[in-house]
Amino acid sequence: MEDASGKLQYWRLYLLSMVLGIGGSFQYGIQVSVITSPAVHVQSFVNHTWLWRYGAPVDDSSNQLIWSFIVAVLSLGAVAGAVHSGSIPVTYGRKKALLFNNVVAIVAAILMLFSRMAKSFEMILLGRFLYGYNVGLGLSVHLMYLGESSPKKLRGFMTLTGSIFIGFGKVIGQIIGIKEIMGTEDMWPYLLAVSGIPAILQLVTLLFFPESPRYLYIDKGDTEGSIKALQWLWQEDDLKLELDDMKKERESTQGEKAKTVKDVLCSRCVRWQLLTLIIPCAGVQFCGINALYFYAFDIFRESGVPENQMHYLAIGLGATELFTVTLCSFLIDRAGRKKLMGYGYLLMGITMCVLTVMLSIKDLNPWIPYVNIGLIFCVICIYGLGPSGVSMALPADLFLQAWRPSAYVISGTVNWISMFLVAMLFGYFVDALGQFCFLIFVAYSICSAAFLLYFVPETKGKTMVEIMEDFNKLNYKNRGADTERTDIDLATKF
């Protein structure tokens, strides 16, 4: 009972996680899923606009190219947003960065809303690019802000809410996109503009919350402001341990300014943290989860699922991911990041191997296609319980304050470029390899599992400084303690 009441004292922190999520990672989830429903209507709009301008309909290949770019430009905008996630939150603070980011999303929503009236599909392209910028910047700052505002015993759970809101966004996008709600020819501009609503909600509500305590203490040197923010969020007066931890972290960076992306890429003192950030976390797109979503409709079709019911089965996939990610949030601070993600990748690799075999023999028996549907749901479950959630929580543990913004730039850039490559190239892999295309993702999943289980130290329940010391055993494993200390000090200087 005492433990439960102790956690209830953080209700303001939980409320902050909801505010950050609805305007942060929720936007990512809804933008990934909501674009599939109005595809036919948007392509028809492009054709009519082209006919109105030039007196002739656009040819099918050009129409498909324009539509593909409308879908893909989100990733390009997200790369731009991820690049700025290292400078804007450092210069102006985490809170102001998100407030500015909401204005970007509102402008994008206005462009979407009036695109049909203006007879301009270019407004849709620009709106999607701005949505991408909003997602790329918002996702990184959301996780940064929340991780810096949470006590170490709740840090894993709180940062994992990012994945919960991504799953929630996917499900909401799939639900409102059905033809009974907003997936109609009349409603598609409103459907594409719906992300303006959570942006307005966050813009208004975030004003009532304090800036990140660690940003105030370590970056700005505002001890009093940091204490007030912690007291308001945590509702406790005994902050000695947290202040000592922040003091050690500030001393370890010797008051240096935030590191650049080049520093993160080149410094030996964060080499293994960088590998952990890139291989299993930022590269999570290469585990094949989005490709599986793309391929799912083909498997549903082969199983005899009626075309008009596939969308509802896709909602089931999204709901399954949301449920398992939520379950992961209750396990992460008990089982630990390393085990959940490492064994999750391993099981995903094994399950996709079985799926590849079953797809190869799908014509031997009429019940095999239904087994394939079950295997897809199994992969979604494993992904939600491990890689999906932990890939959001683990990066918040890996870097000290001076390194964290640039680390999130690298993480966001790798993640969005990976998503762009998978979206653009997966169709070619399917044409060339058929069901064996999943073996590429199997190889990535098995390699990531081996990397996590054999090399990465557990971060559960540890302070930032303790985690840094664990990684230094890998970064400087061939050096003595004195040399190691010297190199760490030198590495923090320009």
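Tutor: To sort residues into kinds, we count Ala, Val, Leu, Ile, Met, Phe, Trp, Tyr, Cys and Pro as nonpolar, Asp, Glu, Lys and Arg as charged, and the others, with Gly among them, as polar. Please keep in mind that this is a predicted model.

Let us begin with helix α9, which spans residues 155–176, and with helix α8, residues 121–149, whose axis comes within 9 Å of the axis of α9 and crosses it at roughly 155°. Because of that angle, α8 is roughly antiparallel to α9. The crossing of α8 past α9 is right-handed. On the α8 side, the contact is made by Leu139, His142, Leu143, Leu146 and Gly147, while α9 contributes Arg155, Met158, Thr159, Thr161, Gly162 and Ile166. Sorted by class, the residues of this contact are five nonpolar, five polar and one charged.

Helix α9 also packs with helix α2 (residues 11–23), here at an angle of about 35° and with the two axes 10 Å apart. The crossing of α2 past α9 is right-handed as well. From α2 come Leu13, Tyr14, Ser17, Met18, Gly21 and Ile22, and these meet Phe157, Met158, Thr161 and Phe165 of α9. The contact of α2 with α9 holds seven nonpolar and three polar residues, and no charged ones.

The largest cavity holds about 350 Å³ of space. It is lined by 27 residues, of which Tyr28, Leu139, Val284, Met392 and Asn415 are the closest to its centre. Both α8 and α9 are among the elements that give two or more residues to this lining, as are α3 (25–34), α17 (289–302), α20 (368–398) and α21 (404–433). The lining of the largest cavity divides into 15 nonpolar, 10 polar and two charged residues.

Of its 24 lining residues, Lys152, Trp234, Leu241, Glu242 and Asp245 lie nearest its centre. Helices α14 (240–252) and α23 (464–475) each supply at least two residues of that lining, and α14 gives the most, with six. By class, the second largest pocket is lined by seven nonpolar, four polar and 13 charged residues.

Methods
Residues are numbered from 1 along each chain as its sequence is written. This is a predicted model: local features need pLDDT of at least 70, side-chain atom pairs count only at pLDDT 80 or more; totals for chains, interfaces and linings use all residues. Side-chain values use heavy atoms; hydrogens and water are left out. Axes are lines fitted to C-alpha atoms, for helices over the stretch in contact, and angles run from 0 to 180 degrees between N-to-C directions. Helices (H or I, at least four residues) and strands (E, at least two) are DSSP runs, numbered from the N terminus. Angles under 35 degrees count as roughly parallel, over 145 as roughly antiparallel, 65 to 115 as roughly perpendicular and the rest as oblique. A crossing is left-handed if the near helix is turned anticlockwise from the far one by less than a right angle, and right-handed if clockwise. Contact means heavy atoms within 4.5 Å. On a 1 Å grid over the protein atoms alone, a cavity is a set of points where a 1.4 Å probe fits but cannot get out, and a pocket is an open set with protein on both sides within 12 Å along at least five of seven lines; lining residues have an atom within 4 Å of a point. Grid points are joined across faces, edges and corners, and a volume is the space filled by probe spheres set on the points.
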